[in-house]
Amino acid sequence: VVRDDPATEPFVLAGHAYLLAQAGAIDEARAALARMREIAERQGQRIVLWASWGQNVGRTELLAGDAERAEAALRPSYEALRGAGSLAFSSTLAGQLAHALVELGRLDEARRYAAEVRDVAGEADVLSQILWRGALARAWTDGGPTERRSLADEAVALAETTEWPNVLADALLDRARLEFALGDPEDLRRAGDDAQHAKVVYDGKGNTAGAAKAVALAATPHPRQQSATGRGGAG
């Protein structure tokens, strides 16, 4: 019904792509997003291209575990929106970009983008508020564990106020990753609980790709656990 309707089809493609990515059909999701971009470029829909396309490629590729592809779409889209003075859209993209950079291990850059979102995003921009907290909690490696846990807790608490189950599950999984990295016994217990909670939420939305990530994190042996097991076996 909406095919070849330039006012509607790009937005339908965006939602369809994310549903495909949740089902693990990443090639089909990328094809839908490529068509979305082609329409936006042909029609001169610059804001659609930079904001909606960039944001949807970002979340699709982060779900697929390809942070490099996410960055490649998010960075130019973010810079174009900043250049156009569109802070509302650019904040969300900067938050997503911070998450991609965390996954790529470029923590200094991730901290800068997360801090920028913190400084410019309005309180009503809940998604951006969640994104910068989750990214900064993981990237702030020279921060204290208490402060980092607090940021992750705030991200989850904000996500719980929304009607976005995938965003909540993402925040839970980010907190689980932080807890896993901190590595104290209580942190590891909480990481397992958060990963399991995230899986339940993902399952409820039919997000099999997200659920698989939660399962993989919960099953990953922590280096301290491996060391303890090794010592036990040697004795």
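What is the volume of the largest pocket? In this predicted model, where local features need pLDDT of at least 70, side-chain atom pairs count only at pLDDT 80 or more, and totals for chains, interfaces and linings use all residues, the largest pocket has a volume of about 600 Å³. Residues are numbered from 1 along each chain as its sequence is written, and side-chain values use heavy atoms, without hydrogens and water. A pocket is an open set of points on a 1 Å grid over the protein atoms alone, where a 1.4 Å probe fits, with protein on both sides within 12 Å along at least five of seven lines; lining residues have an atom within 4 Å of a point. The volume is the space filled by probe spheres set on the points.

Of the 26 lining residues of the largest pocket, Tyr18, Arg59, Leu62, Leu131 and Asp170 are the closest to its centre. Helix α9 gives the most to this lining, seven residues (helices are DSSP runs of H or I, at least four residues, numbered from the N terminus).

The second largest pocket holds about 290 Å³. Its lining comprises 13 residues, with Glu103, Arg138, Arg177, Leu178 and Leu217 nearest the centre. Here too α9 supplies the largest share, five residues.

Helix α9 (residues 165-182) also packs with α8 (residues 145-160): their axes, lines fitted to C-alpha atoms over the stretch in contact, come within 8 Å and cross at roughly 165°. The two helices are therefore roughly antiparallel (angles over 145 degrees, on a range from 0 to 180 between N-to-C directions).

Key
Angles under 35 degrees count as roughly parallel, over 145 as roughly antiparallel, 65 to 115 as roughly perpendicular and the rest as oblique.
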